[in-house]
Amino acid sequence: MKALSAGLLALMMSLSWGQASPSQDALTVRLKEQADFWFEKGDFPRAIAALSVLFNLNPHGYEEATDLGWMLENVQRLDEALAVYVRYTRENPDDPDRGLPEADFYFRQKLYSRVPALLETGVATKRAHPNSYRVLAHAYDRMGRFRDSLRIWELLVADHPEDAAAKVNRDRVAKKVVG
């Protein structure tokens, strides 16, 4: 444990000086392995601490943000989880999926009206992950905004015609629009 702590301190200090070196990459890999070990052993406080260090080292990392947020949600530290997702959204302005972790959080909390502002821009770029479309379309559906939901499902089917589930959802919402 002392070696891991010393390695983490060295990694954090060296990252402030520029590009990560191979030894820094090795320390990051080691920290991820240790977080997994602690998670599997049920030592969630230590797993969260390790994930927090990883996210602070790489606030642009989707995996780092979502792993930490997920762990925080599962121990009912919802305010902290939301803070992680908000930070990820804020610090990744060029990522079309930057709002997905935060939007997922709001969706799970049934705060559907907060989802569109986070995902519409990314979906409009046509570079967003299919899950951004799905969460947005389902949020519109839950809010009773069936035309908007249908519009998003149609965009997803146009961009990903092989997505059978999207077609089923599009058809389901289309029936709601008709009446």
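This is a predicted model: local features need pLDDT of at least 70, side-chain atom pairs count only at pLDDT 80 or more; totals for chains, interfaces and linings use all residues.

Visitor: How many helices and strands does the protein have?

Guide: Ten helices and zero strands. Buried residues account for 40% of the 179 residues.

Visitor: How do I read two helices packed together?

Guide: Two packed helices are described by the angle between their axes and the distance between those axes. Here, take α6 (residues 100-108) and α7 (residues 115-124): they pack at about 145 degrees, with axes 9 Å apart. Their crossing is left-handed.

Visitor: Which residues make the contact of α6 and α7?

Guide: On the α6 side you'll find L100, E102, A103, Y106 and F107, and α7 brings V115, L118 and L119. By class, that contact has seven nonpolar residues, one charged and no polar.

Visitor: And pockets? How much space lies in the largest pocket?

Guide: About 180 Å³. To read a pocket, ask what lines it. The lining here is K32, A35, D36, F39, L51, L54, E63, E64, D67, W70 and M71.

Visitor: Which helix gives the most to that lining?

Guide: α4 does, with five residues. Helices α2 (22-40), α3 (44-57) and α4 (62-74) each supply at least two.

Visitor: How do the lining residues divide by class?

Guide: Six are nonpolar, five are charged and none is polar.

Definitions and conventions. Residues are numbered from 1 along each chain as its sequence is written. Side-chain values use heavy atoms; hydrogens and water are left out. Axes are lines fitted to C-alpha atoms, for helices over the stretch in contact, and angles run from 0 to 180 degrees between N-to-C directions. Helices (H or I, at least four residues) and strands (E, at least two) are DSSP runs, numbered from the N terminus. A crossing is left-handed if the near helix is turned anticlockwise from the far one by less than a right angle, and right-handed if clockwise. Contact means heavy atoms within 4.5 Å. Ala, Val, Leu, Ile, Met, Phe, Trp, Tyr, Cys and Pro count as nonpolar, Asp, Glu, Lys and Arg as charged, and the others, Gly among them, as polar. On a 1 Å grid over the protein atoms alone, a cavity is a set of points where a 1.4 Å probe fits but cannot get out, and a pocket is an open set with protein on both sides within 12 Å along at least five of seven lines; lining residues have an atom within 4 Å of a point. Grid points are joined across faces, edges and corners, and a volume is the space filled by probe spheres set on the points. Buried means under 20% relative accessible area, exposed over 50%, partly exposed in between (1.4 Å probe, protein chains only).
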